Amino acid sequence: MFDRIKAYYQSLVPDLPDQVWLTLEERLSIRLVKKGNFLVREGETCRHVSFINFGLVRIYYISEGREICTGFVRANEYVSEYNSFLTQSPSALYIEAMEDTEVVDLSYQDMQMGYEAFPFFERFGRKMAEKLFIILSSQNNRLLTLTPEQRYEFVMEQQSWILQKIPQYMIASYIGITPEHLSRIRKKRAERSF
C-alpha cells in the first residue's frame, strides 16, 4: 500500500530510520481522485502534500478566462499547491486529475509534527522543497529564455510522456503558446524530417 512512497522517501534520505518511517506511515492516508475531480481548487486551502501512486494530474490557473497550464505530475511524484500548503492560505491554482488518480496524503499538521519530532523528516522536507524549487525555476527559465520551438523540443526530449498523454491545447498552454502556434511548429518539424 505504501511501498512506492517509502521507496521515494528512501531515495531522498537513504538512511531513513525504520522508526521515523513507521511514525510517518501512521499519518499517511490514501485517497482516490476520479478523473475530472480536483485535489485543490482556486480559493481553497491546500491541506495536503500528495504522493501519486498512480494516475496523472495537471496544475493550472485561470487568467482572463483562459486556463494556463503550469505543469503535469504523474505516478511516483509529489504534488501540492505548495504556496497554499505552506502558508495555509487560499490556493491560486487548480490541481485536477486527468485520469483516475490514487494519492497518498500527508496533512499540514502531520508534516509539522514530523518536523518537530524527527531531524530526518526535516531533511526530507528540505530535499522535497529543493526538488520542487528546481522544477519551478527550470520551467520559468525555459519560458523566459527559450523560443517556443526550443520549449517544444525540450518537451519532446525531456518530457516525451507528455506528448502521449496530454491534449495538444494543454501542451500549447504549458509551453506558453497558442494551439495554432503549436500546430505550425509541429508542421514545420514534420516538413524538416522529410
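Mentor: Two strands pair if DSSP finds at least two bridges between them. Helices (H or I, at least four residues) and strands (E, at least two) are DSSP runs, numbered from the N terminus. Before we start: this is a predicted model, in which local features need pLDDT of at least 70 and side-chain atom pairs count only at pLDDT 80 or more, while totals for chains, interfaces and linings use all residues. Residues are numbered from 1 along each chain as its sequence is written, and side-chain values use heavy atoms, leaving out hydrogens and water.

Trainee: Which residue stands opposite E96 in β7?

Mentor: Start with the partner strand, β2 (residues 38-40). It runs antiparallel to β7, and two bridges join them. Opposite E96 stands F38.

Trainee: And which residue stands opposite I95 in β7?

Mentor: Now look at β4 (residues 56-63), which pairs with β7 in the antiparallel sense over four bridges. The residue facing I95 there is I59.

Trainee: Are the residues of β7 buried or exposed?

Mentor: Follow strand β7 (residues 94-97): Y94 and E96 point one way, I95 and A97 the other. Buried means under 20% relative accessible area, exposed over 50%, and partly exposed in between (1.4 Å probe, protein chains only). On both sides of β7, these four residues are buried.

Trainee: What kind of pair do the rings of Y8 and F124 make?

Mentor: Rings of Phe, Tyr and Trp (its six-membered ring) pair if their centres lie within 6.5 Å; planes under 30 degrees apart count as stacked, over 60 as edge-to-face and the rest as tilted. The structure holds 15 such aromatic pairs. For Y8 and F124, the centres are 6.3 Å apart and the planes stand at 80 degrees, so the pair is edge-to-face.

Trainee: Which residue lies over the face of Y60?

Mentor: A charge sits over a ring if NZ of Lys or CZ of Arg is within 6 Å of the ring centre and within 35 degrees of the ring normal. Here the distance from the ring centre of Y60 is 3.9 Å, and the residue is R58.

Trainee: Which residue forms a salt bridge with R27?

Mentor: A salt bridge is a side-chain nitrogen of Lys or Arg within 4 Å of a carboxyl oxygen of Asp or Glu, and by this rule the count comes to eleven. For R27, in the loop between α2 (18-25) and β1 (29-33), the partner is 83 residues away in helix α4 (residues 108-117). The closest N and O atoms are 3.8 Å apart, and the partner is D110.

Trainee: How far apart are the closest N and O atoms of R126 and E130?

Mentor: Both residues lie in helix α5, four residues apart, about one turn of the helix. R126 is partly exposed, with a relative accessible area of 41%, and E130 is partly exposed at 38%. They form a salt bridge, with the closest N and O atoms at 3.0 Å.
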